[in-house]
Amino acid sequence: MSLCRQNFSDEAEQGINAQIQMEQYASQMYLSMAAFFERDEVALPGFQGFFQKSAEEEREHASKLVAYLNKRGGRVKIGAIKEPKIEWGSALEALEDALALEKSVNESLLKLHAVASAKGDAQMCDYLEGEFLKEQVEGEKEIADMITRLKRVGEGLGVFMYNKLEFS
């Protein structure tokens with residue numbers, strides 16, 4: 001047993017390990033999206049850059065959770081990550097998948113927060129609120145706005161111009 005473990009439940013430890021897995025999966029999914037948009041037959045560098053940055057942010061989230069789990073005296077359990085999707089029919093489909101992924105990550109964080117709250121772990125609640133929850137809501141709004149604008153411009157030349165203007 002860790003010497004620094006205090007008021008840190010087994011359920012919270014399991015939840016953080018599950019969240020690490022989810023953040024790693026999100027990172028892999030965004031990396032796959034970035035690779036898709038960089039392909040020569042897709043060639044949308046703005047989308048590629050957006051998803052590359054998103055992959056790095058999710059990987060950073062996983063690293064923060066690993067450090068936090070160690071700080072609280074937990075044990076990190078890194079498991080296998082399921083293989084992400086590699087093809088999208090359109091930029092809109094990729095953004096819709098990204099929004100669904102962000103909502104899933106947010107839902108998982110909210111459940112983790114509920115576990116911490118139920119166990120009286122105010123420090124963990126504060127950590128999740130300060131490091132993750134606000135950013136999740138902002139990220140969901142950003143992607144939702146992108147979806148709305150992309151629908152407005154339409155496929156073909158609209159996507160090309162959107163890629164050029166949105167990410168310049």
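Hi everyone, let me start with one definition: a residue is called buried when its relative accessible area is under 20%, and exposed when that value is over 50%, with partly exposed in between. One more thing before we look: this is a predicted model.

Let's go to helix α5, which runs over residues 157–166. Which residues of α5 are buried? They are Gly158, Val159, Tyr162 and Asn163. Now picture looking down the helix. These four cover an arc of only 135° around the axis, so they sit on the same side of α5.

What do the buried residues of α5 pack against? Their partners are three other helices: α2 (45–71), α3 (91–118) and α4 (122–153).

The relative accessible area of leucine 165 is 60%, and the line for exposed is drawn at over 50%, so leucine 165 counts as exposed. Both of these leucines also belong to a nonpolar surface patch, which Leu157, Phe160, Met161 and Leu165 make together. The patch comes to about 420 Å².

Next, let's move to the start of the chain. Serine 2 lies in the segment before α1, the helix spanning 10–38. Is serine 2 buried or exposed? Its relative accessible area is 17%, and the limit for buried is under 20%, so serine 2 is buried. What does the side chain of serine 2 reach? At 3.2 Å there is the backbone nitrogen of cysteine 4. Further along the sequence, setting aside neighbours within four places, serine 2 is in contact with Gly73 and Arg75.

Asparagine 7 is partly exposed, with a relative accessible area of 47%.

Then there is alanine 43, which you can find in the loop between α1 and α2. Phi of alanine 43 is near 50° as well, again positive in a residue that is not glycine. With a relative accessibility of 43%, alanine 43 is partly exposed.

How values were computed:
Residues are numbered from 1 along each chain as its sequence is written. This is a predicted model: local features need pLDDT of at least 70, side-chain atom pairs count only at pLDDT 80 or more; totals for chains, interfaces and linings use all residues. Side-chain values use heavy atoms; hydrogens and water are left out. Buried means under 20% relative accessible area, exposed over 50%, partly exposed in between (1.4 Å probe, protein chains only). Helices (H or I, at least four residues) and strands (E, at least two) are DSSP runs, numbered from the N terminus. The arc is that of the directions from the helix axis to the C-beta atoms. Contact means heavy atoms within 4.5 Å. Patches are made of residues with over 30% relative accessible area and no salt bridge: like charges are joined within 9 Å, nonpolar side chains (Val, Leu, Ile, Met, Phe, Trp, Tyr) within 5 Å. Accessible areas come from the Shrake-Rupley method with a 1.4 Å probe; for residues, only the protein chains shown count as cover. A salt bridge is a side-chain nitrogen of Lys or Arg within 4 Å of a carboxyl oxygen of Asp or Glu. A polar contact is a pair of N or O atoms within 3.5 Å; within protein, one must be able to donate a hydrogen and the other to accept it, and residues adjacent in sequence count only if both atoms are side-chain atoms.
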